[in-house]
Amino acid sequence: MRANARYYLGRVIKIGKLTEELLVDAIIKPTIIQKNRYNYTFTNIKVFSSRNKIDGIFARLSKYKPHASVKVVRPDEHQIDDENVANLTEAYSPFIYIPEFSGIAYQHVWNHLQREQFPRLFADLVIAKHQGFFLSCEVDPVTDMRTFVTRLARLDTITSLRAAVRPPNPLFGPCWKPLRDYIKKRQLDEVIVREDSQNGIKTSITGIAQQIVEENSSAEKIATLMEPLMGGIGDAAVLMAADGYGRAKVEGQESKKTIVIRTSENQRSFLFKREPDPEELLKITYDEFKRINDERYLEH
């Protein structure tokens, strides 16, 4: 039986002049970056396409030592010696990128390519490929909404909302469509929201998020709950970040204790083979993002 590993879901956010074509080019024709003693690049690349479009790209984000030594046995001499080895693999994280959702699923590799490291390294490789020419890239976590709602529901009051969100492409959701339209109309690269109240913010974030995960909900019902609050955009920004288009933090009081809840700490994930078949990983990742779209009524 093959061992399983955890894969985390994120959105690849294209910033500045980074287009879908340039992003794909950075993955399938990768560069190499160096950090401390290690080099990083994309390897084992496989492109899945149909009807003249890319359905998904499989690759490994690989970490290796350009110069290393290993212990070898020399049987004839009954000795163990060091032997120099070039480009010794240290670790690799298999991942799938799906352009339709700007979605990525990547493997968490303990002590080598951890959940927090992969997004930074992925972005660094994309930026380095194009020499950072007026472009940038982020991988933002897609929040597990049920876990997020459960944690929010425990708060007696919410005293602080923080969110930084970027233009979504290609999807949008009913909870934050007006905010998406605002960003698009003003041609903004980023919106940063900060709301504070010692007496508690008048927010429906918990109720709205609860509706998202309830089976008998609807896009129209969610949009109706949002409508009275659009004069202030805090709720919309937090929910937009939860869908993977930024990062957000909610602070409040629970039994007179200060509690901080971050979208990044409630990242959606699934278990799958540590050494995955690329086509199987594509299918399970596509199904995960399709399920998220259906749950949250995300549309193109």
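**Reading hairpins and cores**

Visitor: In the hairpin of E5 and E6, which residue takes a positive phi?

Guide: Ser 102, with phi near 50°. That hairpin has 4 residues between its strands. Keep in mind that the model is predicted.

Visitor: How many bridges join E5 to E6, and in which sense do they run?

Guide: Strand E6 spans residues 103-107. It runs antiparallel to E5, with 4 bridges joining them.

Visitor: What about E4 and E5?

Guide: Start with the general idea. Side chains in a regular strand alternate between the two faces of the sheet. Now the case here. E4 (residues 53-74) and E5 (residues 79-98) pair over 17 bridges, in the antiparallel sense. Lys 71 stands opposite Asp 82 in E5. These strands form a hairpin with 4 residues between them. In its turn, His 78 has a positive phi of about 55°.

Visitor: Which residues have the most contacts inside the largest nonpolar core?

Guide: Read a core as buried nonpolar residues joined through side-chain atoms within 4.5 Å. The largest here has 31 residues, and Val 165, Leu 179 and Val 250 have the most contacts inside it. Elements that each supply at least two of its residues include strand E1 (4-16), helix H4 (177-185) and strand E10 (246-254). H7 gives the largest share, 8 residues.

Visitor: What does Val 250 touch?

Guide: Leaving aside residues up to four places away in sequence, its contacts include Phe 148, Leu 152, Ser 160, Val 238 and Ile 261.

Visitor: Which residues does the second core include?

Guide: Among them are Tyr 40, Phe 42, Tyr 106 and Val 109. This core is separate and has 30 residues.

Definitions and conventions. Residues are numbered from 1 along each chain as its sequence is written. This is a predicted model: local features need pLDDT of at least 70, side-chain atom pairs count only at pLDDT 80 or more; totals for chains, interfaces and linings use all residues. Side-chain values use heavy atoms; hydrogens and water are left out. Two strands pair if DSSP finds at least two bridges between them. Buried means under 20% relative accessible area, exposed over 50%, partly exposed in between (1.4 Å probe, protein chains only). Contact means heavy atoms within 4.5 Å.
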